[in-house]
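I set out to look up the main features of one protein model and to note them in order. The entries below follow that reading.

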Amino acid sequence: MNLICKNRGTGKTYDLIKMSAETGYQIVVHTDTVKRMVSEKAKEMGLHILPPITRKEMNLGQYRGNTFLIDELETFVQEFGNIYAATINKENVSEDDVYQRNIDILLKDYEKVIANKDYNSGMNILKNIDSLNRQLDMAKYRE
């Protein structure tokens, strides 16, 4: 299983649509509204994908194939109830995603400390971001 791990509004569904067009795998979404949105977005992108299905349709056996692309995985997991913690194998999260998430968190912290005119903390955060960017570049180089 591969995970696409990005911030909200940064193209996760877009990536799934491209992946669906390339693989022929069907996208599973949580609601009919999202199902329509995914279909419309694929058309806008000029890509042909199998019609997306909802989780309910999947449970009723209204799907094609046996490999799927899940949009907004957390919405499916939340159906189990109030989950305090969960685990995932490290192999399922790319190193790039982890670095990028940490960089995004640091950038938000940087904005806060600069707004408070705490320039020393800002410099330390920038050094950490620089270090993570270098590690990310090295990880890409190793591939």
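**Entry 1: Strand β3 and the surface**

I began with I70, which I located in strand β3 (residues 68-70). Helices (H or I, at least four residues) and strands (E, at least two) are DSSP runs, numbered from the N terminus. The model is predicted, local features need pLDDT of at least 70, side-chain atom pairs count only at pLDDT 80 or more, and totals for chains, interfaces and linings use all residues. Residues are numbered from 1 along each chain as its sequence is written, and side-chain values use heavy atoms, with hydrogens and water left out.

I looked up the exposure of I70 and found it partly exposed, at a relative accessible area of 31%. Here buried means under 20% relative accessible area, exposed means over 50%, and partly exposed lies in between (1.4 Å probe, protein chains only). I then noted that I70, L73, V77 and F80 make a nonpolar surface patch of about 350 Å². Patches are made of residues with over 30% relative accessible area and no salt bridge; like charges are joined within 9 Å, and nonpolar side chains (Val, Leu, Ile, Met, Phe, Trp, Tyr) within 5 Å. The areas come from the Shrake-Rupley method with a 1.4 Å probe, and for residues only the protein chains shown count as cover.

**Entry 2: Overall layout**

I counted six helices and three strands in the protein. Read from the N terminus, the elements run α-β-α-β-α-β-α-α-α. Of the 143 residues, 24% are buried. The protein exposes about 10500 Å², of which carbon and sulfur atoms supply 51%.

**Entry 3: The sheet**

In which order do the strands of the open sheet stand? I found the order β2-β1-β3, with parallel pairing in this sheet of three strands. The edge strands are β2 (53-54) and β3, each of which pairs on one side only. Two strands count as paired if DSSP finds at least two bridges between them. Two bridges join β1 to β2, and V29 stands opposite T54 in β2. I recalled that strands of a sheet pair through backbone hydrogen bonds, either parallel or antiparallel.

**Entry 4: The nonpolar cores**

I next looked up the largest nonpolar core and found eight residues: L16, I17, I27, V29, V38, A42, I49 and L69. At least two residues of this core come from each of α1 (12-23), β1 (26-29) and α2 (32-44). A second, separate core has six residues, among them V113, I125, I129 and L132. A nonpolar core is a set of buried Ala, Val, Leu, Ile, Met, Phe, Trp, Tyr and Cys residues joined through side-chain atoms within 4.5 Å.

What does L69 touch, not counting residues up to four places away in sequence? I listed L16, M19, S20, T23, Y25, Q26, I27 and V28. Contact means heavy atoms within 4.5 Å.

S20 is buried, with a relative accessible area of 2%. Leaving aside neighbours within four places in sequence, S20 is in contact with Y25, I27, I49, L50 and L69.

**Entry 5: Salt bridges**

How many salt bridges does a search of the whole structure find? The search gives two. A salt bridge is a side-chain nitrogen of Lys or Arg within 4 Å of a carboxyl oxygen of Asp or Glu.

One of them joins E57 and K35, with the closest N and O atoms 2.7 Å apart. E57 lies in helix α3 (residues 55-59) and K35 in helix α2, so the pair ties together parts that are 22 residues apart in sequence. I noted E57 as buried, at 17% relative accessible area, and K35 as partly exposed, at 21%.

E44 forms a salt bridge with K41, and their closest N and O atoms are 4.0 Å apart. Because E44 and K41 are three residues apart in helix α2, about one helical turn separates them. E44 counts as exposed at 64% relative accessibility, while K41 counts as partly exposed at 30%.

**Entry 6: Positive phi values**

I recalled that most residues other than glycine have a negative phi. E72 is not a glycine, yet has a positive phi of about 60°. I placed E72 in the loop between β3 and α4 (73-77). K117 also has a positive phi, near 60°, and sits in the loop between α5 (95-115) and α6 (119-142). At 60% relative accessibility, K117 counts as exposed.
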